[in-house]
Amino acid sequence: MLLRLAWRNLWRQRARTLILISAITFSYTLLLVAMGLGDDSHQQMLDAGIEGAGGSVLIHHEGYWETLAGDLVIQDGLEVVRQASEVEGVAVANPRIRTPSLAGTSAGARALELIAIDPALEARLADPHEHLTEGERLDETELRNPVLLGVGLIEALEIEVGDRVVLTASRPDGELTRGLFRVAGFLDSGLGQIDEGVAFTTLDAARGMLESPEIVTQVGIVLVGGALEGEVAEALRRVLRVSEPLEVLTWREALPEMVGYIETDDAFLYIYVAVMFVVVAFSIANTFLVAVTERIREFGLLNALGLRSGRLGALVLAETAVLTVVSLAVGLALGLLAHTVISSYGIPVATWGVSEMELAGLDISDMVIRSKIQPMKWAVATVAVMVTTVGSAIFAAVRAARLLPAEAMRFYE
């Protein structure tokens, strides 16, 4: 009975009701869209951080991550990989060799970073072959000592697939060494620092050039779904037993700048939500207070006919609740529509006029932001909007409940 009366009362003032529904719906939809964009961009940054660091948990020679010195390698790399692979929560222990190098041909030379990988294991983290535009994969080519170069080096070195490239690097003991490699293919990632400054080869080829059959520079850990990086890192610190000093870092410890940025951006999102809630609350409270003032005579008549004060207050709250439910239903539909559209097409960061955007050494200017639904967050946001809107009408409900019939009937005299 009360809800039916509330529904009828709302549509007696159609313009005011539509304005309130529009305000709540618009705010709620913006909230859902902002959360969807924020959660997706943060997830992409987290993924980029893990890929850029080399894994969710990183194992290095002590001091390597701070200096990136080429001589700080894990000599007993194969044993470290074996021990790490047996730790609970570890899906893949991915060994890498990273060393500064000089690529030379008869046309010239270019400095770059040589990254030696196991293609099968690397694909569990981020497969560089996804950017292969010409040539063969490292694990499919029959070339001896294959290397993948960025497209930015084609003109600089005047090379084609199958050509020879001499790579010069420093061995762990500090002595220079050279190796003859064959170009297996070219990578086009769209990022200048990679396409012009990074080369990929196999672990066997790099170890042969460096004359060290078991070394690794880094062991990147890919976690089993649901495993916590902090717990796995602590377990690795307890388990790893080799003769050389090691450091175990989570990717968050390795890239604190990116973590700080994500946390700050997330905090600003919550501040935006809080400000929006305050604005919506005051708008609704003011509107319903004005509505109560305009309807004093009506409330007085209802009170005189037997509708008690408490029921009058409940009527005002019921009107707010009905209004909120309708607004949330429409807002949720619009939010899901926006989520579908944004997820399908995406919003490239470049459309905001950002040609270069580097964060913690990672270029994220090519990021395409989509939308990500986290059901629990959306549910909490929905409840928060409901509580905010209904709560904002409490003062108006209390005022309506305190009206005396005699005073209310004299209001327009």
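Reader: Why is Gln-83 called buried?
Author: Happy to start there! Buried means under 20% relative accessible area, computed with a 1.4 Å probe on protein chains only, while exposed means over 50% and partly exposed lies in between. Gln-83 has a relative accessible area of 8%, so Gln-83 counts as buried. One note on the origin of these values: this is a predicted model, where local features need pLDDT of at least 70, side-chain atom pairs count only at pLDDT 80 or more, and totals for chains, interfaces and linings use all residues. Residues are numbered from 1 along each chain as its sequence is written, and side-chain values use heavy atoms, with hydrogens and water left out.

Reader: Where is Gln-83, and which residues does Gln-83 touch?
Author: Gln-83 sits in helix α4. Helices are DSSP runs of H or I with at least four residues, strands are runs of E with at least two, and both are numbered from the N terminus. Leaving aside residues up to four places away in sequence, Gln-83 touches Val-239, Leu-240, Arg-241 and Val-242. Contact here means heavy atoms within 4.5 Å.

Reader: What makes the meeting of Gln-83 and Glu-79 a polar contact?
Author: A polar contact is a pair of N or O atoms within 3.5 Å; within protein, one must be able to donate a hydrogen and the other to accept it, and residues adjacent in sequence count only if both atoms are side-chain atoms. The side chains of Gln-83 and Glu-79 make such a contact at 2.8 Å.

Reader: What makes the pair Arg-82 and Glu-79 a salt bridge?
Author: The rule asks for a side-chain nitrogen of Lys or Arg within 4 Å of a carboxyl oxygen of Asp or Glu. Arg-82 and Glu-79 meet at 2.5 Å, N to O. The two are 3 residues apart in helix α4, so about one helical turn separates them. Arg-82 is partly exposed at 41%, and Glu-79 is also partly exposed, at 22%.

Reader: How do you know that the buried residues of α9 line one face?
Author: In helix α9 (residues 229–239), the buried residues are Glu-229, Val-232, Ala-233, Ala-235 and Leu-236. Seen down the axis, they fall within an arc of 160°, so they line one face of the helix. That arc is taken from the directions from the helix axis to the C-beta atoms. On the other side of α9, Glu-231 and Arg-238 are exposed. Among the elements covering the buried residues are α4 (77–85), β2 (90–105) and β9 (218–223).

Reader: How do you know that β2 and β3 pair?
Author: Two strands pair if DSSP finds at least two bridges between them. β2 and strand β3 (residues 108–117) have 10 bridges in the antiparallel sense, with Gly-104 opposite Ala-109 in β3. They form a hairpin with 2 residues between them.

Reader: In what sense does β3 pair with β8?
Author: β3 and strand β8 (residues 198–202) pair in the parallel sense, over 5 bridges. In one of them, Ile-117 has Thr-202 in β8 as bridge partner.
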